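Me: I have a chain open and want to go through some of its local features. Can you take the questions as they come?

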Amino acid sequence: MSMFKKILIANRGEIAIRIMRACKELDIKTVAVYSDADKNSLHVQQADEAMHIGAASPKESYLNVDKLIQAAHASKADAIHPGYGFLSENASFTAAVASAQLAFIGPSADSIRAMGDKAESKIAMKKAGVPTVPGYEGLESETDFKKAADEIEYPVLVKASAGGGGKGMRVVNNESELSEAIESARREALNSFGDERLLIEKYLADAHHIEFQVFGDQHRHIVHLFERECSVQRRHQKIIEETPSPLLTPALRKEMGEAAVKAAKAVNYYNAGTIEFIVDPDTMQYYFLEMNTRLQVEHPVTELTTGLDLVQWQIRVAAGEHFPYTQEQLTQRGHAIECRVYAEDPANGFLPSTGKLLQYIEPKGPGIRVDSGFTAGSDVTHFYDPLLAKLIVNAENRDAAIQKMQAALKDFIVHGVVTNIDFMQSVLTHEDFTNGRVTTRWVEKTLDSGSLLPPTQKRASALHIITAALADLTIVNPKSSIENRNEPDPYSPWKQINGFRN
């Protein structure tokens, strides 16, 4: 199969620009798509062509399958790259792209379907011999849930069989909480995914979240590209990722990597994907959590330690090429860390911050990489995720990488919106992080203790309000009466603003 001539990127922001860079190096033309809110965005300016696809609401633009395929045909693109988020894990979109005689740069619709259903994927993993969290699927009555909870012992996690992103999940500490947890999880699952099915499993309160990058071609060759430690999270959303994990031993790394490859093979997977595990640091037992059937936000740390361009290889294997490396040929070198720089206010419940970027200066230097979709003068709006940039560093070891990240964050200058930069500095300097002891609930517990918000961050809100007023900017106002009817996630930070709720 010959290489693509033109690729439509069905996404926006930093990931669209990241894909454009890979396409440029492969001498492939790019087509950007944009909504009303993104007409002046950086990804539109950097593409070879750009096509307007609708209003600012994602449902009318980046989630509109028909408009995306029409844009691909109108621009004479021969493939679509979905990036991450939006339609990247939508099996119906993948099938529609194939039906339109276009190549989808990602896995098959069947693989996405198989791993998209949490209950079905767990059953498949059990059959494949991949360790899974003790639990039960296919339960109907409350009595069935009570029996299951008694058997696996509290605390338990009740969660939606379909979907992900922390939606439809409830931690249950004892039987008195079970009934309400089932009811509320069902409501949220039905509202978010149109599917009220739930499963129940043992809740590991202080676990590490460790994922393995897998990569395969369409000729049944698949490998893993090592792990990423993703335990620094808030509301099930990752903030800081790194590789190698400070928790894993070489023997456990090998065992988990083999399990990840086994999991991917069980659904005939190809292209880039991620097998997510949780690891109990007391027993060092690991369990399959889920699979992300797409490129991950945090893929750069893998690129920097393996020397592979994952986006280029996504494109190449989608065009039919063989992935040439065996597992034995793949190695890691050094240590890489990624920090997600968000326009949000940690001192004010992490509320998103909007406005014009008055000053935006990215750090530069050896071993520093910034993936961003913004520049000075860009508008940060409430329509999309408040991620400003991904700051990635790599160095010869973990201590050196932490020091490099701290220096890079100091050099990252953003004026016009409040950011989480000082908050991430607090995380990086905390002894639990430097000692590799951070678990998935660590941020919430440490925030409650008050030790993660430095004095400079506590003053950030007041300073931002003054700056914004002087520049006549729009800022997040907790008393705003504007309603964002396009935000489907009841746990989105936007919903926490008074007036931004269902």
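Me: Start with C339. Which strand is it in?

Reply: C339 lies in strand β15, residues 335-342. Helices (H or I, at least four residues) and strands (E, at least two) are DSSP runs, numbered from the N terminus.

Me: Before going on, what kind of model is this, and which pLDDT limits apply?

Reply: This is a predicted model, where local features need pLDDT of at least 70, side-chain atom pairs count only at pLDDT 80 or more, and totals for chains, interfaces and linings use all residues. Residues are numbered from 1 along each chain as its sequence is written, and side-chain values use heavy atoms, with hydrogens and water left out.

Me: Fine. Is C339 buried or exposed?

Reply: C339 counts as buried, at 0% relative accessibility. Buried means under 20% relative accessible area, exposed over 50%, and partly exposed in between (1.4 Å probe, protein chains only).

Me: What is C339 in contact with?

Reply: Leaving aside neighbours within four places in sequence, C339 is in contact with I239, I240, A389, K390, L391, M405, L409, M424 and L428. Contact means heavy atoms within 4.5 Å. For I239, which is 100 residues from C339 along the chain, the C-alpha separation is 6.2 Å.

Me: What does the accessible surface come to?

Reply: About 21,000 Å², with 49% belonging to carbon and sulfur atoms. Accessible areas come from the Shrake-Rupley method with a 1.4 Å probe; for residues, only the protein chains shown count as cover.

Me: Changing topic. At what angle do α5 and α6 pack?

Reply: Helix α5 (residues 109-116) and helix α6 (residues 118-128) pack at about 95°, with their axes 5 Å apart. That makes α5 roughly perpendicular to α6. Axes are lines fitted to C-alpha atoms, for helices over the stretch in contact, and angles run from 0 to 180 degrees between N-to-C directions. Angles under 35 degrees count as roughly parallel, over 145 as roughly antiparallel, 65 to 115 as roughly perpendicular and the rest as oblique.

Me: Which residues make that contact?

Reply: From α5, A114, M115 and G116; from α6, K118, E120, S121 and M125.

Me: What about D110, buried or exposed?

Reply: D110, found in helix α5, is exposed, with a relative accessible area of 59%. The side chains of D110 and R113 are joined by a polar contact of 3.3 Å. A polar contact is a pair of N or O atoms within 3.5 Å; within protein, one must be able to donate a hydrogen and the other to accept it, and residues adjacent in sequence count only if both atoms are side-chain atoms.

Me: I also want Q312. What does its side chain pair with?

Reply: The side chain of Q312 has a polar contact of 2.5 Å with that of E25. Q312 lies in helix α11 (residues 310-318) and is buried at 13% relative accessible area. Not counting residues up to four places away in sequence, Q312 touches A22, E25 and L26.

Me: How many residues of α10 are buried?

Reply: 7 of the 8 residues of α10 (residues 299-306) are buried, so this helix is largely enclosed by the rest of the structure. The buried residues are H299, P300, V301, T302, E303, T305 and T306. After α10 comes G307, with a positive phi near 80°.

Me: What is the phi of N271, then?

Reply: Phi of N271 is positive, near 80°. N271 is in strand β13 (residues 271-279) and is buried, at 1% relative accessibility.

Me: And M284?

Reply: M284 has a positive phi of about 60°. M284 is in the loop between β13 and β14 (286-292) and is partly exposed at 26% relative accessible area.
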